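Hello,

Here is the structure I promised to pass on. Please look it over first; my notes follow below.

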Amino acid sequence: QKSFPGTSGRNGRNHCPSQRGAAFLNMAAPDAASAPKIIPFAALEAGDADACAAVVEAWKAGVACVVRLADRAVLRGLWKGSAVGLATADTWPLERLGGLEVGHRQHGARDFLETRAICDEVRPPLGDGVRCAFDHLERCARAALKAACGPLGAAPETLLNLLDEPGRPKLSASVLRLCRYVAPAGEPRKRVCFGAHTDTTFCTAAPCAATPGLEVLDHGTWTSPERGRDSGTDVLVFCGEFLQVLSKSFYEAAVHRVALTAGAAESVRYSAPFLLRARRDATIVPVAAVAGGPPPRLLDLPGLSMAKFHRFLELRRRKLVQEHAQSNDDSDDSDTGFILK
């Protein structure tokens, strides 16, 4: 088992957002100390300097940036397809295709439907709405990752070539996870439906849900970046463990959880995070520096397969899950052992 440096630090930097870019709308979440910028999707995909800077700023601080899609039909189709897919989830039992999970799995009061793409289809076949959203969220996540490469002093292809191949001739490594969380009626306090954790991804693109529940740890305080957002256009994009490790903690994986308060009526939350991951058969190549750019900050691990890299993170996570199970700690924040450190 190979150990990897560069995994220290946890959302503790002094973060002071700049005021770059008049094109960005400052829309403060009710519990946020500073107003995150709204990044137009078209600007991010075009490599606009202010859009890229907003991604870098958020990810260095271990929080999410907000990307706004122009076409409301994309997320409208996703939410409709999610509701239908999860209502018929038993039709799609979990199976492994080429070592990759596809289908439904349930954990208590939460349901997950793992969807992956191959060519221009999505498995399970949940319709054009889910397929279109898969494509848009993948483009959004790729564009954000490309933006993050600038300060790392490495050619974007160093990381982008580890992702699914153009046209997706094989089942995708990346996942669009359709989720349903339920908080029973009459619960006296907030229910943490999915404890604090970081994602085993390069980055995650999570459309803002109609029922807010995603919370992100920002300098020791749980914030609700979905509140005040538009579930028809707005996507939260945040850094995952792959990038934190490979950037030697220049970027920090966002610590997040899902929490719901039911009140008098049952509370149901649908969400659909897109998890941008590397192909297991991809191999890290020597870091290619950018002419005239800063010295490369990427961890140089030439020849290491992403399968082994992923296994390192999974073994670590399994160890933490085991330690957590033995701790008998049932407090809301007891799952912080699942965080990359």
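How many residues does helix α2 have, and how far does α2 reach from its first C-alpha to its last? This is a predicted model, and in it α2 covers residues 49-60. The helix has twelve residues and reaches 16 Å. That is close to the 16 Å expected at 1.5 Å a residue.

Now the two ends of α2. At the start, a side-chain oxygen of Asp-48 comes to within 3.0 Å of the backbone nitrogen of Asp-50. After the helix comes Gly-62, with a positive phi near 75 degrees.

Several residues of α2 are buried. They are Ala-51, Cys-52, Ala-54, Val-55, Val-56, Glu-57, Ala-58 and Trp-59.

Next, the sheet. Four strands form an open sheet, ordered β8-β13-β10-β11, with antiparallel pairing. β8 (191-197) and β11 (221-223) stand at the edges. Each has a single partner strand, so one side of each is left without a neighbour in the sheet. From one strand to the next, the twist averages 30 degrees.

The partner of β8 is worth a look. Four bridges join β8 to β13 (residues 256-260), and the two run antiparallel. His-197 has its bridge partner in β13, namely His-256.

Searching the whole structure gives two cavities of 30 Å³ or more. Which residues line the second largest cavity? The lining consists of Thr-158, Leu-159, Leu-162, Leu-246, Ile-284, Val-285, Val-287, Leu-298 and Leu-299.

Best wishes

Conventions:
Residues numbered from 1 in each chain as written. Predicted model: local features only at pLDDT ≥ 70, side-chain atom pairs only at ≥ 80, totals over all residues. Heavy atoms only, no water. Expected span 1.5 Å × (residues − 1). Buried < 20%, exposed > 50% of the residue type's maximum accessible area, 1.4 Å probe, protein only. Polar contact = N/O pair within 3.5 Å; in protein donor to acceptor, adjacent residues only side chain to side chain. Pairing = 2+ DSSP bridges. Axes fitted to C-alpha atoms, helices over the stretch in contact; angles between N-to-C directions. 1 Å grid on protein atoms, 1.4 Å probe; cavity = no way out; pocket = protein on both sides within 12 Å on 5 of 7 lines; lining within 4 Å. Points joined across faces, edges and corners; volume = space filled by probe spheres on them.
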